[in-house]
Amino acid sequence: MAQQQKEYPVTVVTGFLGSGKTTLLNRMLQENHGKKIAVILNEIGDVNLDSELVVQSIGEELKIMNNGCVCCTVRGDLTKICLDLIKKKINFDHVVIETTGMADPSPVAQTFFMDENLRKYFYLDAVVTVVDAKHIDQNLSEIKETQDQIGFADVILLNKIDTIDEKRILEVENKIKTINPIAKLFKTVNSNVQIGEVLAINAFDLQARIEINPEITKEYHEHSHDDAIQSIYLEETRPLDIEKINRFMQLVLNELGNQVLRYKGILYIKNESKRIVFQGVHTTMGSNEDREWLPSEEKKTRIVFIGRHLPKDVLEEGISLCVAK
């Protein structure tokens with residue numbers, strides 16, 4: 001009697017730039033749930049900075065796609081990576097895909113119920129969308145993908161509720177429910193949700209999706225992005241002065257605040273034995289100490305700015321002026 005082919009659940013984590021996707025992913029990886037998770041990260045630029053911000057214990061189970069957006073040019077890469085997990089007999093129980101902040105999740109979902117080869121081994125468990133409570137109005141008005149991400153979700157984390165008051169939370173919650181009345185919604189800070197509410201929940205219902213949108217089972221649609229949005233990557237191998245970099249970032253936000261959507265980086269600070277991780281959305285910025293620099297790794301600052309019409313030469317010069325004396 002033939003042994004039944006095992007099928008692996010897939011969770012797609014989406015949400016606009018800076019909403020808290022990587023924070024949720026790290027919670028999934030650190031939680032004591034007994035599952036071995038294979039992670040697929042998709043980055044906008046050609047540098048794997050996001051992988052540096054994901055917990056380090058997952059080894060070969062971390063896969064990177066950074067030659068395009070997972071909802072557009074790299075669907076073939078996604079299929080290959082998933083099938084490679086099977087071919088290479090990597091030990092895992094669950095796949096989590098973190099999309100770029102600019103991704104429409106529907107073509108990602110299509111990949112798993114329209115690709116015959118993938119259907120043999122994988123099924124879509126849930127689409128989880130993380131929403132930035134503070135910036136939702138701005139993101140909805142400026143970026144079409146924000147509405148796509150909310151509309152296609154099975155589970156929504158209304159994140160960063162500590163940044164707005166109770167009245168505003170209710171307003172945002174109602175706005176989300178007008179876009180997607182069927183998704184389960186959790187209000188969170190730092191994407192802090194019980195992992196059993198987002199992982200292995202069997203929430204994606206294709207038939208229900210077809211009733212809402214009959215087009216979903218048609219061939220992949222082409223997805224266009226705002227061409228003005230770009231990703232700028234900067235490196236500096238010399239140690240930086242913490243006060244100078246703080247002043248520089250304040251200047252960037254003052255001068256380019258309307259153009260900068262997202263920024264994140266790992267800072268090499270003079271006389272500091274630990275990496276400093278900083279990140280922000282629009283004009284909201286924060287930083288924290290990370291792990292110790294490893295003896296085997298090169299100490300250097302790496303920063304990514306994502307936004308519209310950003311002056312790379314000005315940003316490069318600004319970082320160079322933050323070098324410690």
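Q: A polar contact is a pair of N or O atoms within 3.5 Å; within protein, one of them must be able to donate a hydrogen and the other to accept it. How far does the backbone nitrogen of F16 lie from a polar atom of the side chain of Q149?

A: The model under discussion is predicted. In it, a polar atom of the Q149 side chain and the backbone nitrogen of F16 are 3.0 Å apart. This distance falls within the 3.5 Å limit for a polar contact.

Q: Is Q149 buried or exposed?

A: Burial is read from the relative accessible area, and a residue under 20% counts as buried. Q149 has a relative accessible area of 1%, and is therefore buried.

Q: Where is the place of Q149, and which residues does Q149 touch, not counting those up to four places away in sequence?

A: Q149 belongs to helix α7, which covers residues 144–151. Leaving aside residues up to four places away in sequence, Q149 touches T14, G15, F16, T100, G101, M102, A103, P105 and T129.

Q: How many residues apart along the chain are S106 and G151, and what separates their C-alpha atoms?

A: S106 and G151 are 45 residues apart along the chain, and their C-alpha atoms are separated by 9.5 Å. S106 lies in helix α4, residues 105–114. Its relative accessibility is 12%, so S106 counts as buried.

Q: How is the packing of two helices described?

A: Two packed helices are described by the angle between their axes and by the distance between those axes. In this structure, helix α10 (residues 242–256) packs with helix α11 (residues 312–320) at an angle of about 160°, the axes being 10 Å apart. An angle over 145 degrees counts as roughly antiparallel, and α10 and α11 are therefore roughly antiparallel to each other. The crossing of α10 past α11 is right-handed.

Q: Which residues of α10 and α11 make the contact?

A: On α10 the contact is made by I245, F248, V252 and L256, and on α11 by L315, G318 and I319. These residues divide into 6 nonpolar, 1 polar and no charged.

Q: Where are N190 and H309 found?

A: N190 is in the loop between β7 (184–187) and α9 (206–212). H309 is in the loop between β12 (301–308) and α11.

Q: Which loop holds F204, and is F204 buried or exposed?

A: The loop between β7 and α9 holds F204. With a relative accessibility of 12%, F204 counts as buried. F204 and A126 are 78 residues apart along the chain, yet their C-alpha atoms are separated by 4.9 Å.

Q: How far does the backbone oxygen of K160 lie from a polar atom of the side chain of T163?

A: The two atoms are 2.6 Å apart. T163 is in the loop between β6 (155–159) and α8 (166–179), and counts as partly exposed at 37% relative accessibility.

Q: How many helices and strands does the protein have?

A: The secondary structure comes to 11 helices and 12 strands. The protein has 325 residues, of which 52% count as buried. Among its contacts with a separation of 6 or more, 77% are between residues 24 or more positions apart.

Definitions and conventions. Residues numbered from 1 in each chain as written. Predicted model: local features only at pLDDT ≥ 70, side-chain atom pairs only at ≥ 80, totals over all residues. Heavy atoms only, no water. Helix = DSSP H or I, 4+ residues; strand = E, 2+ residues; numbered from the N terminus. Buried < 20%, exposed > 50% of the residue type's maximum accessible area, 1.4 Å probe, protein only. Contact = heavy atoms within 4.5 Å. Axes fitted to C-alpha atoms, helices over the stretch in contact; angles between N-to-C directions. Parallel < 35°, antiparallel > 145°, perpendicular 65-115°, else oblique. Left-handed = near helix turned anticlockwise from the far one by under 90°. Nonpolar A, V, L, I, M, F, W, Y, C, P; charged D, E, K, R; others polar.
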